[in-house]
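In this notebook I record what I looked up in one structure.

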Amino acid sequence: MGAPDPCHIVDSRFHGGGYATGATRAIFGDRARLQRWLDVEVALARSQAELGIIPTAAAAEIERRAIVDRLDLRSVAGGIHRTGHSIVPLLGALRSACDGDAGEWIHFGATTQDIQDTAQSLEMGAVLDALVPQVDAVIRRLAQGCRLHRDQLMVARTHSVAALPTTFGLKMAGWLDELSRQRDRLVSARPRILVAQLFGGAGTMAALGSRAVELLERFSARLGLTAPSTAWHVARDRMAEYVHLLAMVSATAARIADEIRTLNRNEIGEVEIGWSAHQVGSSTMPHKRNPEACEQVVALARLTKAQVPLALDAMVLEHERDYRGTRLEWCAVADASHYSVAALTMLDDVIASLTVHGETMAGRAFDCREALCTEAFVFALAQCRGKETAYRLVREISQRSQDQGNSFSELLCHHPGVIEALGGPQAVERLLDPRNHLGAHGELIDRVLRSAESPPPLTVVDSPPVHDVRRAVGQD
């Protein structure tokens, strides 16, 4: 009987590409996870050998044998099913592979959760190493768009209704500014959330001897992780923060994608999503060019958000050890990672292939210029009549024009003294030109660009695990 078909959507041969990337599958694959556990065991053994806690020769032999593809994984899987323990069978396989008595020194003084929590921190670090460059790619595209469409006139909408003139460059600057803050959060959180765990069965480090704290520091540094002050077997705030950060980044991606989806509507048509000859929008309507990538980014953001309650539930645990949280995290951390990286990857593709219909944008702004420019009339009249009086006058005229279907400017011109107060017919025409009411849009765009293009550096783990996980994953 062959291997069972994948049953999780991220592993589907047909649909998995919409929910995960090759990078995240490589991080969370079975053998990659087992290899990380082995890498952590090697880091522990090497650190202990340097402090004279275990023999140096034993540590070297453990390192030499701790390669997942050289172990009997069928036996490991059977052992897990038989014992109900997630790591003991793997340690048994490693112990059997070691020559001499080296196997006796594996896992010396550690507890299962020490190894698995530390490995999960490494997994999270690997995800951030994949996610932040993807965020950077979107940031670069948005920055390019800000410059290209800096002065592209369009309608600003509030409550989905035409409000004032703006530019597409300034709209993109708003996206860019938010995404840049998300990047800052991802980078600044690394030393706080990527930490080692090495505190023994109940957090006292009793089995690790008199140099336990020194061992923790050395072990953490070897793996490129922060050494925490105390055990966090039941203090799961770091994992919850990680999942929440991914949900926030995904929500920003969804806001951008959904705005593009809206502007892509036939009745708006201010932007157009990329389309290729081989794409099919509908099985029955040949004309359809659906913004499915935009919709998928929103779906992925909602799926990422759905992991946040699980991560918060994983924080409520008992006493010094409680594995219920870990069982939730193994799902929440992995799924949030898959969905968020996929969302940013997809958004990058959407923006890269986007066509901006500038004439349509500007044309629509001129079509509804009487509505877009009412604020300008208020402040022009305010110079001689006061702001509140001017607002009441312009509001009365604009509301009447909408009720009666008459031109705002015609009604305005028939109002006694208004044209004179505004400076004559030519002044009225200037006020009715939406291009004259873009405020400080260029300066604001420049401020965003300066901030976005001077981000804090991405700190990648300097000391990777002993065995390259790619060797464990292979090509399948």
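My entries follow, beginning with the basis of the model.

**Basis.** I worked with a predicted model, in which local features need pLDDT of at least 70, side-chain atom pairs count only at pLDDT 80 or more, and totals for chains, interfaces and linings use all residues. Residues are numbered from 1 along each chain as its sequence is written, and side-chain values use heavy atoms, with hydrogens and water left out.

**Ser-409.** I located Ser-409 in helix H17, residues 408-413 (helices are DSSP runs of H or I, at least four residues, numbered from the N terminus). Ser-409 counts as buried because its relative accessibility is 14% (buried means under 20% relative accessible area, with a 1.4 Å probe and protein chains only). Leaving aside residues up to four places away in sequence, I found that Ser-409 touches Glu-370 and Leu-432 (contact means heavy atoms within 4.5 Å).

**H7 and H20.** I noted that helix H7 (residues 168-193) packs with helix H20 (residues 441-452) at about 30 degrees, the axes being 9 Å apart (axes are lines fitted to C-alpha atoms over the stretch in contact, and angles run from 0 to 180 degrees between N-to-C directions). H7 and H20 are therefore roughly parallel (angles under 35 degrees). Among the residues that meet are Leu-170 and Ala-173 in H7 and Leu-444 and Val-448 in H20.

**H2 and H5.** I recorded an angle of about 65 degrees between helix H2 (residues 30-50) and helix H5 (residues 88-97), with axes 11 Å apart. H2 contributes Leu-34, Trp-37, Leu-38 and Glu-41 to the contact, and H5 contributes Leu-90, Leu-91 and Leu-94.

Methods: Helices (H or I, at least four residues) and strands (E, at least two) are DSSP runs, numbered from the N terminus. Buried means under 20% relative accessible area, exposed over 50%, partly exposed in between (1.4 Å probe, protein chains only). Angles under 35 degrees count as roughly parallel, over 145 as roughly antiparallel, 65 to 115 as roughly perpendicular and the rest as oblique.
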